[in-house]
Amino acid sequence: MSAITATITTSDRVPSAAILTFIEQALRKVGLPEADAAKVAELMTEADLTGADAHGIFRLPQYVQRIQAGGINPKPAIRVERTAPATALVNGDNGMGHLVMSRAAETAIEIARENGVAWVGAHHSNHAGPAALYATMPVEHGMIGLYSAVASANHMAIWGGVEALLGTNPLAVGIPAGEEPPVILDIATTMVSYGTIKNYALQGKSIPEGWMINRADGTPLKDPKRSSEGLLLPIGGYKGSGLALILGLLAGTLNGAAFGRDVVDFNADATTETNTGHFIVAIDVSRFTPLETFKAEVDRHLRDLRNSERLPGFDEIRIPGEQRVVRYESRQRDGVPLSPELRQKLDGLANQLGISSLQA
């Protein structure tokens with residue numbers, strides 16, 4: 001269980017079907033067509049089911065605010081341009097990022113099926129939820145998926161700097177397996193996502209040392225409500241900073257999307273188009289080795305790793321993605337844990353929009 005939800009009891013759990021319905025009703029109320037609202041609700045609910053607690057229904061009030069303020073186009077005409085046999089560029093027309101990246105992933109899978117590999121970029125998009133949502137889409141078709149994006153706000157400095165010119169720019173990789181769960185790596189290039197910081201602020205919790213520093217003097221910042229004064233720290237020191245830079249150039253600059261000083265902070269500005277950039281790569285495994293052979297070999301290696309000798313203090317060795325499956329099954333069965341603070345915020349949103357509350 002994640003740090004965010006560790007103190008939530010079973011009485012605070014909400015059935016995933018209720019979450020999906022609530023999100024869909026809210027999005028339709030602010031102008032999304034029925035099919036688009038259903039698609040976004042499906043992906044946001046999947047984020048909650050798999051444990052991406054800062055990227056599911058938690059984001060709904062912010063999405064609604066941006067749509068109502070004109071910052072997101074509720075009825076985009078998403079366009080796909082095939083630029084070469086194995087490449088394409090998706091223009092999201094400032095629509096919901098979930099819709100843009102779903103189209104981009106579908107395009108990548110289609111191209112990879114034709115040509116063995118695909119690289120699809122996207123621009124004029126928006127925040128699209130957790131990276132793993134899209135890296136896993138090719139996996140379901142016997143492919144390897146890679147995804148990244150320019151984060152929707154800058155909260156990190158280049159290594160040695162004090163200006164927030166880099167985002168949490170995530171990287172997700174999905175690799176199919178056989179009897180084992182797929183390998184799904186989903187990491188921010190910062191120690192934690194900024195959504196997690198916002199969730200801590202909502203719940204009145206202190207930030208653990210090592211996540212943020214005060215940009216004025218470099219001392220640890222532990223109060224999430226003062227996050228505007230701080231910088232998120234990169235994973236692995238200068239290596240995480242360098243990775244955020246590279247991913248930002250590939251997801252942003254390569255696609256004609258925002259990067260660096262051009263990034264609009266969607267937490268502070270609800271009206272300006274963000275021109276968020278993403279990319280997704282799909283690789284058809286069967287172009288290199290028979291798919292079933294590959295899956296069997298992945299299984300063998302994963303079992304070797306999981307059953308290898310452990311350091312003192314470690315009860316088990318975890319493989320990226322296996323807890324995602326366990327969490328999904330648990331939350332599908334028992335409900336999704338939502339903090340009292342978030343439920344109160346969602347009740348306020350329901351009242352504002354004139355829709356049924358989660359309680360109902």
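**Exercise 1.** In this predicted model, determine with which side chain the side chain of Thr-274 makes a polar contact of 2.9 Å, and describe the surroundings of Thr-274.

*Solution.* Begin with the side chain itself: that of Thr-274 makes a polar contact with the side chain of Thr-276, at 2.9 Å. Next, look for a further partner, and a polar contact of 3.1 Å is found to join the side chains of Thr-274 and Asn-126. Then place Thr-274 in the fold, where it belongs to the loop that links α7 (238-251) with β10 (276-284). Once neighbours within four places in sequence are set aside, the residues in contact with Thr-274 are Arg-66, Asn-94, Ser-125, Asn-126, Ala-258, Val-264 and Phe-266.

**Exercise 2.** Decide whether Thr-274 is buried or exposed.

*Solution.* The relative accessible area of Thr-274 is 4%. Because buried means under 20%, Thr-274 counts as buried.

**Exercise 3.** Work out which strands stand at the edges of the open sheet, and why one side of each is left without a neighbour.

*Solution.* First write down the order of the seven strands, β2-β3-β4-β10-β5-β6-β7, whose pairing is mixed. β2 (79-84) and β7 (183-187) stand at the edges, and since each has a single partner strand, one side of each lacks a neighbour in the sheet. From one strand to the next, the twist averages 15 degrees. Finally, examine the pairing of β2 with β3 (residues 87-91): the two run antiparallel and are joined by five bridges, with Arg-79 standing opposite Asn-91 in β3.

**Exercise 4.** Find where pLDDT stays under 50.

*Solution.* The chain has a mean pLDDT of 94, with 97% of its residues reaching 70 or more, whereas over residues 1-10 pLDDT stays under 50.

Terms used: Residues numbered from 1 in each chain as written. Predicted model: local features only at pLDDT ≥ 70, side-chain atom pairs only at ≥ 80, totals over all residues. Heavy atoms only, no water. Helix = DSSP H or I, 4+ residues; strand = E, 2+ residues; numbered from the N terminus. Buried < 20%, exposed > 50% of the residue type's maximum accessible area, 1.4 Å probe, protein only. Polar contact = N/O pair within 3.5 Å; in protein donor to acceptor, adjacent residues only side chain to side chain. Contact = heavy atoms within 4.5 Å. pLDDT = per-residue confidence, 0-100. Pairing = 2+ DSSP bridges. Axes fitted to C-alpha atoms, helices over the stretch in contact; angles between N-to-C directions.
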